[in-house]
Amino acid sequence: MGLRTAVLLVVVLLIAALAALNWSLLATPTAMSIGFMQVTAPLGLIMLGLTALLGIFFVAYVVYLQTTVLLETRRHTKEMQAQRDLADRAEASRFTELRNFLEAQENAHMSRNAERHAALLARVEQLETMIKVRSDQTDNTLAAHIGQLEDRFDRRPPAVMAPGGGMPPPV
């Protein structure tokens, strides 16, 4: 129970106790004016009745305000949920767009890498071909030189061996 409720309950209990203890005084008829005429009635009971009526109106007003606040809160909650759903859909859309963008970038990167790889392989093939041609040229040149040397040795007259098994003197 809240502090306000406790204070209101104490005030109501005090009013009820005061009315019970002074019932004879409240019920005593008194001459009173209601504006345009004089009436004899128990002023205490009329004041107590007006206080009770005011309390009933106060409770009805509080219930009305509470109902209005609850309905307004419910409406705001629905609107906030709708806005939250809209924001979630927008966020999901942004994530989808980001994923599509990243996939496109990845595909472009992969295609560039594939092109570079193909160009590198073509260059390696070209270099291998050039090395093979160069190797064949070197083999042919070496074979030609060896052939020339063999022709020179074949055309030379046989050399006389020097005594002692050494090489002949140069010519």
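Author: Buried means under 20% relative accessible area, exposed means over 50%, and partly exposed is in between. The model is predicted. Take Arg94 as a case: its relative accessible area is 46%, so Arg94 is partly exposed.

Reader: What pLDDT does the chain average?
Author: Of the residues, 91% score at least 70. The chain average is a pLDDT of 89.

Reader: Which helix has the highest confidence in the chain?
Author: Confidence is lowest in helix H2, residues 23-26, with a mean of 87. The highest mean is 93. That value belongs to residues 43-155, helix H3.

Reader: How many salt bridges does a search of the whole structure find?
Author: One joins Glu72 to Arg75. Another joins Glu79 to Arg75. Arg94 and Glu91 also meet in a salt bridge. For the whole structure, the search finds 3.

Reader: How far apart are the closest N and O atoms of Glu72 and Arg75?
Author: Glu72 and Arg75 are 3 residues apart in helix H3, so about one helical turn separates them. Both are partly exposed: Glu72 has a relative accessible area of 32%, and Arg75 is at 38%. Their salt bridge has its closest N and O atoms at 2.2 Å.

Reader: What separation do the closest N and O atoms of Glu79 and Arg75 have?
Author: Glu79 and Arg75 are 4 residues apart in helix H3, so about one helical turn lies between them. Glu79 counts as partly exposed, at 38% relative accessibility. In this salt bridge the closest N and O atoms are separated by 2.4 Å.

Reader: Which residues are linked in a network of salt bridges?
Author: Arg75 pairs with Glu72. Arg75 also pairs with Glu79. The network of linked residues is therefore Glu72, Arg75 and Glu79.

Reader: Where do Arg94 and Glu91 both lie?
Author: Their side chains meet in a salt bridge, at 2.4 Å from N to O. Glu91 counts as partly exposed, at 31% relative accessibility. Arg94 and Glu91 are 3 residues apart, about one turn, and both lie in helix H3.

Reader: What area does the nonpolar surface patch cover?
Author: Leu43, Ile46, Met47, Leu50, Leu53 and Phe57 make the patch. Met47 is in helix H3, and its relative accessible area is 47%, so Met47 is partly exposed. Leu53 is partly exposed too, at 41%. The patch covers about 550 Å².

Reader: How much space lies in the largest pocket?
Author: Its lining includes Leu8, Val11, Val12 and Ile15. Thr51, Gly55 and Phe58 are also among the lining residues. The space in this pocket is about 290 Å³.

Reader: Which helix gives the most to the lining of the largest pocket?
Author: Helix H1, residues 3-21, and helix H3 each supply at least two lining residues. The top contribution is 7 residues. Those come from H3.

Reader: How far apart in space are Leu53 and Thr73?
Author: Leu53 is in helix H3. Leu53 and Thr73 are 20 residues apart in sequence. From C-alpha to C-alpha, the separation is 30 Å.

Reader: What separates the C-alpha atoms of Asn100 and Thr51?
Author: Asn100 sits in helix H3 and is partly exposed, with a relative accessible area of 40%. Thr51 is one of the residues that line the largest pocket. Along the chain, Asn100 and Thr51 are 49 residues apart, and their C-alpha atoms are separated by 72 Å.

Notes. Residues are numbered from 1 along each chain as its sequence is written. This is a predicted model: local features need pLDDT of at least 70, side-chain atom pairs count only at pLDDT 80 or more; totals for chains, interfaces and linings use all residues. Side-chain values use heavy atoms; hydrogens and water are left out. pLDDT is the predictor's confidence in each residue, from 0 to 100. A salt bridge is a side-chain nitrogen of Lys or Arg within 4 Å of a carboxyl oxygen of Asp or Glu. Buried means under 20% relative accessible area, exposed over 50%, partly exposed in between (1.4 Å probe, protein chains only). Patches are made of residues with over 30% relative accessible area and no salt bridge: like charges are joined within 9 Å, nonpolar side chains (Val, Leu, Ile, Met, Phe, Trp, Tyr) within 5 Å. Accessible areas come from the Shrake-Rupley method with a 1.4 Å probe; for residues, only the protein chains shown count as cover. On a 1 Å grid over the protein atoms alone, a cavity is a set of points where a 1.4 Å probe fits but cannot get out, and a pocket is an open set with protein on both sides within 12 Å along at least five of seven lines; lining residues have an atom within 4 Å of a point. Grid points are joined across faces, edges and corners, and a volume is the space filled by probe spheres set on the points.
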